[in-house]
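Biologist: I would like to learn how to read features from a model like this one. Please take me through them in order.

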Amino acid sequence: LASGPEFMKERIATALVFESLLRVISDFCVDGGTPGAIVGGGKDDALSATLAIRALQSLTAHLIPIPGSSALPFTPSMDQNLITALEYFEQTNHSEIKEKTITLANDARVRIQGSQELVASGKP
C-alpha cells in the first residue's frame with residue numbers, strides 16, 4: 001500500500017502504521033536486534049526489515065516531500081525513535097540487506113531530522 005497511489009499513502013500514514021514499521025526495524029537491528037518468533041521478525045528477518053524500510057521511506061517522503069519542508073505529525077519522541085532505528089539500520093552489515101535499502105533508510109532519516117530542525121525553529 002505504501003508504494004501505491006497518493007490517496008492510499010494519506011490514509012495509511014498514521015502513528016499506528018509508523019509504530020509498527022518502527023517495531024520491525026528496531027527488532028531487526030537496534031542494540032543487536034531481538035530473537036525472532038515462530039512467524040519471523042527479529043534480527044534474522046532481513047526481508048521484513050527491508051519491506052519495513054521501503055514502506056517507511058515511501059510514507060515519510062509522502063509526508064515530508066522535501067527535507068526541512070514539513071514535519072511528521074507525530075510526537076518528538078516518535079521522531080527520535082525513528083531516527084535511532086534508521087541510524088542502526090544504516091550501520092547494519094547483514095548479508096541480505098542491499099545498499100539500495102540502506103540508501104532508503106538514509107533518505108527517511110534525513111527527512112525526519114530535517115523536520116526536527118523545522119520544529120525547533122518554530123516554523124511548522
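Biologist: Are arginine 109 and glutamate 90 buried or exposed?

Modeller: Both arginine 109 and glutamate 90 are buried. Buried means under 20% relative accessible area, exposed means over 50%, and partly exposed is in between, with a 1.4 Å probe and protein chains only. Before going on, note that this is a predicted model, in which local features need pLDDT of at least 70 and side-chain atom pairs count only at pLDDT 80 or more, while totals for chains, interfaces and linings use all residues. Residues are numbered from 1 along each chain as its sequence is written, and side-chain values use heavy atoms, with hydrogens and water left out.

Biologist: How many salt bridges are there?

Modeller: Side chains of opposite charge can pair when their charged atoms come close. A salt bridge is a side-chain nitrogen of Lys or Arg within 4 Å of a carboxyl oxygen of Asp or Glu. The count here is two. In one of them, arginine 109 pairs with glutamate 90, with the closest N and O atoms 2.4 Å apart. Arginine 109 is in helix 5 (residues 99–121) and glutamate 90 in helix 4 (residues 76–90), so this pair links distant parts of the chain, 19 residues apart. Helices are DSSP runs (H or I, at least four residues), numbered from the N terminus.

Biologist: Which residues form a salt bridge at 2.7 Å, N to O?

Modeller: Those are arginine 111 and aspartate 107. Both lie in helix 5, four residues apart, about one turn of the helix. Arginine 111 has a relative accessible area of 11%, so it is buried. Aspartate 107, at 23%, is partly exposed.

Biologist: Which residues touch the most other members of the largest nonpolar core?

Modeller: In soluble globular proteins, nonpolar side chains tend to be buried together. A nonpolar core is a set of buried Ala, Val, Leu, Ile, Met, Phe, Trp, Tyr and Cys residues joined through side-chain atoms within 4.5 Å. The largest one has 31 residues, and Phe18, Ile25, Leu72, Leu82 and Phe89 touch the most other members. Two or more residues come from each of helix 2 (15–29), helix 3 (46–63), helix 4 and helix 5. Helix 3 gives the most, with eight residues.

Biologist: Which residues of helix 2 are buried?

Modeller: They are Phe18, Leu21, Leu22, Ile25, Phe28 and Cys29. These residues lie on the same side of helix 2, because they cover an arc of only 125° around the axis, where the arc is that of the directions from the helix axis to the C-beta atoms. The face turned away from the buried side carries the exposed residues Leu16 and Arg23.

Biologist: How many aromatic pairs does a search of the whole structure find?

Modeller: Rings of Phe, Tyr and Trp (its six-membered ring) pair if their centres lie within 6.5 Å; planes under 30 degrees apart count as stacked, over 60 as edge-to-face and the rest as tilted. The search finds two. Phenylalanine 18 and phenylalanine 74 form a tilted pair, 4.8 Å centre to centre with 50° between the planes. Phenylalanine 18 lies in helix 2 and phenylalanine 74 in the loop between helix 3 and helix 4, so the pair ties together parts 56 residues apart in sequence. Both phenylalanine 18 and phenylalanine 74 are buried. Phenylalanine 28 and phenylalanine 89 also form a tilted pair, at 6.0 Å and 45°.
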